[in-house]
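Please read it alongside the sequence and the coordinates.

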Amino acid sequence: MDDGSSLFWVSLIYAADRTTVAVGGELDVYFHRPLNTALDEAITGGVAHRIELDLRDLSFSDIRGLAILVRAREKAVQAGCGFEIVGPIQPCVLRSLQMYAPVMGLPVRPRVDRSSPPDADPPRTP
């Protein structure tokens, strides 16, 4: 049922060396908590050396959503995990990331391939 409200979802996908946090819908003030919870679980789960944030299904994010990503990256780095945003990324979200990600220190890879770009946080070994 579509009642006109924004829909949001987040899921965790575990692989041998990375955890992908897939996000979809519209990230606004009502959905910050589920994203925070999922990112914390991905980072503190201890399984991954790298956290990838897959935004291909995210159609909107407010500035507070981007601030959540900055905090998550800081936590990941402190935990010894690489952290990057992977794509493809929808145009509305990509524009926001292009404006704010460099200033906020977020590594963004808006391509489909899984190779690490030169500016991505490197995976760390314990």
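Two strands are taken to pair if DSSP finds at least two bridges between them. In this predicted model, strand β2 (residues 18–27) and strand β3 (residues 50–61) run parallel and are joined by nine bridges.

- Five strands form an open sheet in the order β1-β2-β3-β4-β5, and the pairing is mixed.
- Strands β1 (8–14) and β5 (108–109) are the edge strands, each pairing on one side only.

**Strand β4**
- Five of the five residues of β4 are buried, so the strand is largely enclosed by the rest of the structure.
- In a regular strand, side chains alternate between the two faces of the sheet.
- In β4, G82, E84 and V86 point one way, F83 and I85 point the other way, and all are buried.

**Helices across the sheet**
- Helix α2 lies across β2, β3 and β4 (82–86), and runs at about 150° to β4.
- Helix α3 lies across β3, β4 and β5, and its direction is at about 125° to β3.

**Packing of α2 against α3**
- Two packed helices are described by the angle between their axes and the distance between the axes.
- The axes of α2 (residues 63–78) and α3 (residues 91–104) come within 11 Å and cross at roughly 40°.
- The two helices are therefore oblique to each other.
- The crossing in which α2 passes α3 is right-handed.
- Helix α2 contributes I63, L66, A67 and V70 to the contact, and α3 contributes S96, L97, Y100 and M104.
- Of the residues in this contact, seven are nonpolar, one is polar and none is charged.

**Residue Q90**
- Q90 is located in the loop between β4 and α3.
- The relative accessible area of Q90 is 30%, so this residue is partly exposed.
- Leaving aside residues up to four places away in sequence, Q90 touches R56, D57, L58 and S59.
- Q90 and F60 are 30 residues apart in sequence, with a C-alpha to C-alpha distance of 8.5 Å.

Conventions. Residues are numbered from 1 along each chain as its sequence is written. This is a predicted model: local features need pLDDT of at least 70, side-chain atom pairs count only at pLDDT 80 or more; totals for chains, interfaces and linings use all residues. Side-chain values use heavy atoms; hydrogens and water are left out. Axes are lines fitted to C-alpha atoms, for helices over the stretch in contact, and angles run from 0 to 180 degrees between N-to-C directions. Helices (H or I, at least four residues) and strands (E, at least two) are DSSP runs, numbered from the N terminus. Angles under 35 degrees count as roughly parallel, over 145 as roughly antiparallel, 65 to 115 as roughly perpendicular and the rest as oblique. A crossing is left-handed if the near helix is turned anticlockwise from the far one by less than a right angle, and right-handed if clockwise. Contact means heavy atoms within 4.5 Å. Ala, Val, Leu, Ile, Met, Phe, Trp, Tyr, Cys and Pro count as nonpolar, Asp, Glu, Lys and Arg as charged, and the others, Gly among them, as polar. Buried means under 20% relative accessible area, exposed over 50%, partly exposed in between (1.4 Å probe, protein chains only).
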